[in-house]
Amino acid sequence: MSTLTRARRTLAAAALLAAALPAVDAHAQPLDRSRRPTPPPAAPFRLPAVEMRRLSNGIPVAVIQNHQLPVVSVRAVIDAGPLLEPAEKAGLAQLVNTMLSEGTTTRSADQLAEAFADLGNQVTPQGFTTITRNLDRSLELMGDLLMHPAFPEAALTRTKANTVAQLRRLREQPSFLADHLFNSVLFGAAHPYARVASEQTVGGITRGDLVAYHSDWFRPQNVKLVVVGDVTPDAAVRSVERVFGAWAAGGKTARYDVPAPRPAAATTIYLLDRPNSPQSTVLVGQAGPSRDTPDYYALETMNTVFGGLSGSRLNGNLREKHAFTYGAFAGLQWRRVPQVSTIRGQSDVVAAKTDSAIAEWIGELRGIRGEQPVTPAELDFAKTNRTAGLPLRFETVTQVAQEVANLLASAVPVDFWNGYAQNIGRLTGPELSAVATKYLDPQQSVIVVVGDRRVIEPGLRALNLPVQVVDENGSPVAG
Amino acid sequence: MTRTARLAHRALLAASLLYAGAAQAQPGGRSSPAIDVPTLPLVRYTLPNGMTALLSEDHSAPVAAVTVWYHVGSKNEKPGRTGFAHLFEHMMFEGSQNVQTGEHRRLIQSLGGTFNGSTNEDRTNYYETVPSNQLETAIWMEADRMATLLTRVNQERLDAEREIVKNERRLRVDNQPFGVADEATSAALFPSTHPYSWPVIGSMADLSAASLDDVKDFFRTYYSPNNATISISGDIDIDRTKAMLDRWFGPIPRGPAIERPRVPATTLAAEKRLVLEDSRARLPQIQISWPTVGNDSPDRFALDALSSVLTLDRTSRLRKVLVYDRQLATNVFAFNNTSENAGYFQVFVAPRPNASLTEIENVIDSVLAAVKTEPLSQAEVQRVKNYAAVSTVTGLQSRIARAEQLASGMVFDGDPLSYRSDLQRAQGVTPADVQRVARRYLGAGRVVLSMVPAGKLDQVSKPTLPFTNVTPAAPAAPATPARGTN
């Protein structure tokens, strides 16, 4: 160590002397700050190489080497989400997930806590990030959580009671209320995307439900694994095989029979009264295409112009120009192929300007559809942000693991990023306008407002759009 | 430097980053060997105008991160101008002589970069992560606002940012159930003249009062190179980066010496009991806070360990009793908040429906009494230590995290690499240390805040004891100056 330190100091001192010379020259004449550095073109970026392997029982494993730190990150992508639970057992998938950490057939929950403390890292059923030397032991614990849960009755009773409390606290949050209301009115209250756990559905869930759900879905055919970091593919697969190669076959293969969204209706404002709210939480959106649409790149890039970034139009209008809000953003919520997506924006706006903000928002939707065509500068901004920004997206081991897990969860090929820059690079302005016209329709949007009805309703009524006052689940409220 | 020398230099840096185990964590569990914590490569120097530069070279990803720290925060604010340091931070994104109004964010984002800024009680930072070949644009932009901000600030944009910040306050505080809890607590923990008694976000009235002259004064007083530290981490060349800093920051003149406010750590003579009602809440909450110490006190390490002994995981004392054994709470957190000059220790409880806050407060007191009077085990004090070591390593993954770590160490500890010595000091905490700080700091002088749905005063903890109701009079206005986050 001391040698390294001394060598570094010496080199640093030499560098200081070398740098002093041009600095003197710079002082000879006043610096012209208006002559900004010319940004060089984006440097070629080598995407992380994904190595796809398979365990003896068929579980696919994506491995990406990255040795920048002695760190590894593991993800399990499991098709066992809430879409698979019966409507009358809403909350079951989440309860199963929580209960996976409440003890296994060979380790009590306290023993698991001891094991995590020995390592110095938590392990969840979804994965972990830790130092390289903890990889095998963490994998073993993760496998135990996923494959051998005990689902103790006492822990279930406690977890259910805590879940009920949490459901009440969530309804204190305007963002939760707005999100649930949006899905309820866009898809219909009975649609799986609008389903949320209630005190009744959680109350009716039994240990038998958990055991059956786990037995059905937590099976090799529904599992994909991701290992990223300071490990070779061979070593990674050996380690993963030791744990997950033993996962027994059986159960069912996850399939999603999600009803199609109902036909788009004329734009309506759905107002949920939340008295004493100084801001209104506003969502504007509609259903979109599936993740495998050929319009994917144009849609995402159009959204970068429209609302994806703080430098996009929506934030420029609602925050920068009008100061109605601290921020306004729009984005695409993709679901696993072949399900539909949602295209929507969100902003918390000062109560007195709720109607003005919605009017501006609708104006921006009209604009991106063609009234204000995407300029060459905007097109260039959006494209370079997406392509030149790739190194930032894959900077760390944890980020790479999450990116690859997201691809697997959406059923998108893992070589997706290889063609990304080219697919973005060839987009034109008219193509962006075309997808905006196709998918963003201010005449057929859902507008959700959670705010103080007393303050905001008169302004909303003056917008010349239908206003429907609703309850938390989207059902109309009289008066 | 010759090419050969530079390559050798890089090789040394890479070696030191990956393998040098300068701060070795002792095992927190039963049998783990010590964990090697990387030592970030570092070149540290001061420009002639007083600006500190920290350069950390690592070529493992083609990314560079820049952060500029100004050693000024809400504690430097004048009475009647709470929230000003943060409002000023917003003005720094409004453009400067060569950056048009609104251009800042689009410029960085068009390079594929990300950026932001943040303000707390003690410092304000501005940061960018960019593809490494775009480093100079980030440096140029940071220098342009340090050198020329006042050529562009104007009343219209100040008024706009003022409204944006008010909306930030509504979002984070006023529209959140019990959102003013921390403000109310800080106002009670610290004397009203103490700068940690008011919120970083400020009060609506004070934000309304901020003037263009305030902006100019604040900039001239605090935004000088001698009050700034620039920290750059990632895929950089040391010589070229130094030349960029010399070129763009070198000509900025040194500013006046900074007069720093006297901000002592505080104590409370007696308990203060507060009640906060909120019509938007459906369940009560309770938090108890004690004044503790600032960053300069070594006791902060034992206080951190105490918080872990209480609530780190399901075996920790307070979590075990409240969540698992008695099942009075869905969750409980204890933490020790250390600012530069003072701090506080807090226990926060989210109760089960129908659980009594009185009973919860009694459980907290009995658990704390046991910590103070009965021996703690070595194991319960040590279990957090492995977590600290591992998370120090995994926390060094991103370039911006490294740059921030180095800047923080420089500004608050005078040592950019203080994360290593901090970890060593945390590893050295003993059960006796934990007991000692529990006795010393978690005494009778504290703030007990009961938070209940509006009108449910029967749910207040120990409702027969005298209390102060700190519920804001109007829904959007804060009742008391206290503090929040940026």
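Two residues count as in contact if their C-beta atoms, placed from the backbone, lie within 7 Å. The legends below describe a predicted model.

**View 1. Helix H5 of chain B lies across strands of chain A.** Helix H5 of chain B spans residues 155–174. The strands it lies across are E7, E8 and E9 of chain A. H5(B) runs at about 65 degrees to E8(A).

**View 2. Six strands of chain A build an open sheet.** The 6 strands follow the order E8-E9-E7-E10-E6-E11 in chain A. Their pairing is mixed. Strand E8 (325–333) and strand E11 (467–470) of chain A are the edge strands, and each of them pairs on one side only. Ignoring direction, neighbouring strands of this sheet are turned by 20 degrees against each other on average.

**View 3. Strands E7 and E9 of chain A pair in the antiparallel sense.** E7(A) covers residues 279–290, and E9(A) covers residues 340–350. The pairing of E7(A) with E9(A) extends over 11 bridges. Ser280(A) has Val349(A), in E9(A), as its bridge partner.

**View 4. Helix H12 of chain A also lies across strands of chain A.** H12(A) lies across E7, E8, E9 and strand E10 (446–451) of chain A. Its direction is at about 25 degrees to E7(A).

**View 5. Helices H11 and H12 of chain A pack together.** H11(A) holds residues 313–321, and H12(A) holds residues 354–371. The two axes are 10 Å apart and meet at an angle of about 155 degrees. Angles over 145 degrees count as roughly antiparallel, so H11(A) is roughly antiparallel to H12(A). The crossing of H11(A) past H12(A) is right-handed. From H11(A), the contact takes Arg313(A), Leu314(A), Asn317(A) and Leu318(A). From H12(A), it takes Ala357(A), Glu360(A), Glu364(A) and Ile368(A). By class, this contact of H11(A) with H12(A) has 4 nonpolar, 1 polar and 3 charged residues.

**View 6. Domain 1 and domain 2 of chain A touch.** Domain 1 of chain A runs over 51–244, and domain 2 of chain A over 268–470. Their C-alpha centres lie 29 Å apart. The contact takes 22 residues from domain 1 of chain A and 24 residues from domain 2 of chain A. On the domain 1 side, strand E2 (60–65), strand E3 (71–78), helix H6 (174–187) and strand E5 (223–229) of chain A each supply at least two residues. H6(A) gives the largest share of that side, 8 residues. The domain 1 side that touches domain 2 of chain A divides into 15 nonpolar, 5 polar and 2 charged residues.

Methods
Residues numbered from 1 in each chain as written. Chains lettered and ligands numbered in written order. Predicted model: local features only at pLDDT ≥ 70, side-chain atom pairs only at ≥ 80, totals over all residues. Axes fitted to C-alpha atoms, helices over the stretch in contact; angles between N-to-C directions. Helix = DSSP H or I, 4+ residues; strand = E, 2+ residues; numbered from the N terminus. Parallel < 35°, antiparallel > 145°, perpendicular 65-115°, else oblique. Left-handed = near helix turned anticlockwise from the far one by under 90°. Nonpolar A, V, L, I, M, F, W, Y, C, P; charged D, E, K, R; others polar. Pairing = 2+ DSSP bridges. Domains from an automatic or database assignment.
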